[in-house]
Amino acid sequence: MFQNYIKIAIRNLQKNKAYSFINIAGLAIGIACCLLIMLFVAHELSYDRWNPQADRIVRTYADINFGGNQFRLAVTGVPIGPETQRELPDVQSFCRFRDYGSHLVRKEGEGTQNFREEEVLYVDSTFFEVFPLAMASGEARTCLTQPNSIVLSRSKAEKHFGSAQAAMGQNLIVENESTWKVTGVFEDMPANSHFQAHLLMSLNGNKEILESPPLWAVSNNFHTYLLLKEGTSFDTFNEKFNNLSRQKIGQTAAQLLGLSLEQLEATGQYARIGLQRLTDIHLRSDLGVELGPNGDIQYVWIFSAIALFVLLIACINFMNLATARSAHRAKEIGVRKVLGSTRGALIGQFMSETLFMAFLSLILALALASAVMPWFNELTGRAIQIPWASPVFWGLLACGVLITGFLAGSYPSFFLSGFETIKVLKGQLGRKAKHGSLRSALVVFQFATAIVLIICTTVVYNQLNYIQNKKLGFQKDQLIILDDAYALGDGILAFKQEMLKHPGVESATISSFLPVPSSHNNTTYTSSREFRQDNSVNMDTWDVDHDYFKTLGLELKEGRLFDKNRPADSLAVIINETALKNFGFTENPIGKKIYYLENAPTADTKPGDFIEFTVIGVVKNFHYESLRTNINSLGIFLDDSRGLITVRYKAGESKSVIAALEKQWKAMAPTQPFSYRFLDEAFSRMYQTEQRLGQIALIFASLAIFVSCLGLFGLASFMAEQRTKEIGIRKVLGATTAGIVGLLSKDFLLLVGFALLLATPLAWWGMHKWLQDFVYRIDISAWVFVMAGLAAIAIAFITVGFQSIRAALANPVNSLRSE
């Protein structure tokens, strides 16, 4: 019986090639889209699951509102790990990470070439106890116990020494200063980890740890992970930890401010240390100072919904076309029923045909997904692979095809098998089938989904365009950044002066920070020689040279810039408008004093322990972080810095300036790597997630519209075919081509218009919620909805109009003769 069903299905496919193409192509595109997005979603949800202890690991975070600024940071202080393990027996182990940024690394020996390594972490010796990576060489338990010991990933061991075994016991020179001994090699970290590391350096003997005060909620620079004992409830431990953190932060407040925790919180300021699960970090953490760019659970749900809707649109096409073609198969059904076929047998036949088409669509979808996977990985920034060897994958795929087949074929099967034999053989079906309200509802759903995607894509692109073109308070174009300027050593000033001679260079500066994503140095300053909660301001602090403001194009609100002829400017500061407000310097700020205490305050702290700085200028607020956040307090100081060299070049001179920079660099530092980037590109990378969202939404919106139009094209073809005799009579009676086109298109365009009415409020609500993530955002304009509606109507009219014009231009003599 089943073999007979397949034969009939193949015969029908061959007989109705256009119908078969539309259905199989539509389903294949829907399945391929769904497959790609589901693989992406599965990859996102798998982050950190490679760790067998993932469910027992938590990370501490800081939530601080103090000195006019609010921070939610993935880093906390030095003592939190060891003190939590000591105070709470539920903690089996802890591990701290310290990220000092990229390092220059070379093999020991004269004249060896330096390499810039990006993914470098300083870690406790317990790293491999908390994150049990496989070891290629060395002992995981002891390899990080000694000072100046370093463990490499296999790829870096092979890069520097040829093999994992050859690396063992060798020395590496880090930052042209210190010698580190290779004591282990681990297998490269899985891609689905919220952090990546290729060089692990021992924290044993770390100066920052040794000199850090034993206080919670201060000097927050370490990512701290706690491994809980088996059987420990997260909720129970979280409650214990919260009690401990309040006790410890209370001690900090008493020592630094002379206030109890309750008194501090009564002022509206607070400091809290919390916990988050390891498996929540990648998709549910929106903290500052992360170890790498995170995903967003919101986008996972959005992409899942897009995949589902594209697949539903393809299934709806199948349902609509199958029911629209009912008149073509009505007599076949009537004859089968007369010959004794039961309704169940007919349902089985139609479902078999649907599942057969779904199977063909699956084969085509797998070929499509495999072909576009490299492009999809580039688009998403992931390294996803189709798990061909996984039985689970094939099992889920089989279930998916069955569900898709039943979803697409259930309604047509029951609809067609339910025809009354007498009426079918009398030819009384056509008019009833022509006005299916369910079919109309499904068309509305298809186009409402497509219109929502069009609107969302437009809003995302408008917000990104706003970000790219918003006045940021500095000039980000025509700036080249040279990293690792300290590699030039004492020749850094000579390098800058040499580059200023180039005709394509307008100015250059040496500084510690730039308005691009980086870890900022945040410090508390006071407005008097005492440390109180009501006179303290947390400021980001940058060290710059005299040419910084000119090179970056920053605007001064009042006061003056740093002057080479004024040595006292080494104790001067230029603050931004946010700091001005938070210090309360509303009138005559120039000449006001701010103070810095180098060590944590104690009962013995005296006024003379504070370092005094004089405010000489106020710079207009400029955006140096994401537009999702407010502008924090900033203090800019004149000081020697060897972090970054930034060069402003004349328009059209980028290639010649880069060539000159590289030539000069190699002349002065031949063994040091030359690395540059453009500041505007570095700034744009802050919005990489949104850019990818916009691209993915645009692509799948286009596919949704294409699949919808495939179905609409098929429907229009069958509707025109059913009304062939009517069209012929109308033409004989004098109807114009335009009138017939309007008649055939009107119903479809009304459905698209109704879809627009449904889609508009849904799209507005979704985009309004998404824009709330940005402090600086666009308003959703009415023209977005008008444009989306006109685009949908135009696309639908072109699709339907083609068939309508073709039917209207047909010779009525042929139409009536064939009828």
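1. Let me start at the surface: Leu733 counts as exposed because its relative accessibility is 72% (exposed means over 50% relative accessible area, buried under 20%, and partly exposed in between, with a 1.4 Å probe and protein chains only). Leu733 sits in the loop between helix H24 (724–732) and helix H25 (737–771); helices (H or I, at least four residues) and strands (E, at least two) are DSSP runs, numbered from the N terminus. Together with Ile729 and Val732, Leu733 makes a nonpolar surface patch of about 320 Å². Patches are made of residues with over 30% relative accessible area and no salt bridge, with like charges joined within 9 Å and nonpolar side chains (Val, Leu, Ile, Met, Phe, Trp, Tyr) within 5 Å.

2. A word on the model itself. This is a predicted model, in which local features need pLDDT of at least 70 and side-chain atom pairs count only at pLDDT 80 or more, while totals for chains, interfaces and linings use all residues. Residues are numbered from 1 along each chain as its sequence is written, and side-chain values use heavy atoms, leaving out hydrogens and water.

3. Now the chain as a whole. It has 27 helices and 24 strands, and buried residues make up 53% of its 819 residues. Of the contacts between residues at least 6 apart in sequence, 80% join residues at least 24 apart (a contact means heavy atoms within 4.5 Å). The chain exposes about 36600 Å², with carbon and sulfur atoms supplying 56% of it; accessible areas come from the Shrake-Rupley method with a 1.4 Å probe, and for residues only the protein chains shown count as cover.

4. Ile492 counts as buried, at 5% relative accessibility. Not counting residues up to four places away in sequence, Ile492 touches Ala485, Ile510, Ser641, Arg642 and Ile645. Ile492 and Met668 are 176 residues apart in sequence, yet their C-alpha atoms are 9.1 Å apart in space.

5. Staying with H18, its buried residues include Ile492, Phe495, Lys496 and Met499. Seen down the helix axis, the buried residues of H18 fall within an arc of 100°, so they line one face of the helix; the arc is that of the directions from the helix axis to the C-beta atoms. They pack against strand S14 (479–482), strand S15 (505–511), strand S23 (644–649) and helix H21 (654–668).

6. Asp484 is found in the loop between S14 and H18, and is buried, with a relative accessible area of 5%. Its contacts, not counting residues up to four places away in sequence, are Ser102, Leu104, Arg116, Gly643 and Trp665. Asp484 also belongs to a network of salt bridges that links it with Arg116, Glu118, Asp483 and Arg677 (a salt bridge is a side-chain nitrogen of Lys or Arg within 4 Å of a carboxyl oxygen of Asp or Glu).

7. The structure holds 31 salt bridges. One of them joins Lys240 and Asp90, with the closest N and O atoms 2.9 Å apart. Lys240 lies in helix H8 (residues 234–257) and Asp90 in the loop between helix H3 (80–87) and strand S3 (91–98), so this pair ties together parts that are 150 residues apart in sequence. Lys240 is partly exposed at 37%, whereas Asp90 counts as buried at 17%.

8. Arg96 and Asp124 form another salt bridge (2.9 Å, N to O). This pair links Arg96 in strand S3 with Asp124 in the loop between strand S6 (120–123) and helix H4 (127–130), 28 residues apart. Arg96 is buried at 8% relative accessibility, and Asp124 is buried at 10%.

9. Finally, the aromatics: the structure holds 36 aromatic pairs. Rings of Phe, Tyr and Trp (its six-membered ring) pair if their centres lie within 6.5 Å; planes under 30 degrees apart count as stacked, over 60 as edge-to-face and the rest as tilted. Tyr525 and Phe613 make an edge-to-face pair, 6.2 Å centre to centre with 70° between the planes. Tyr525 lies in strand S16 (residues 522–526) and Phe613 in strand S21 (residues 610–619), so the pair ties together parts 88 residues apart in sequence.
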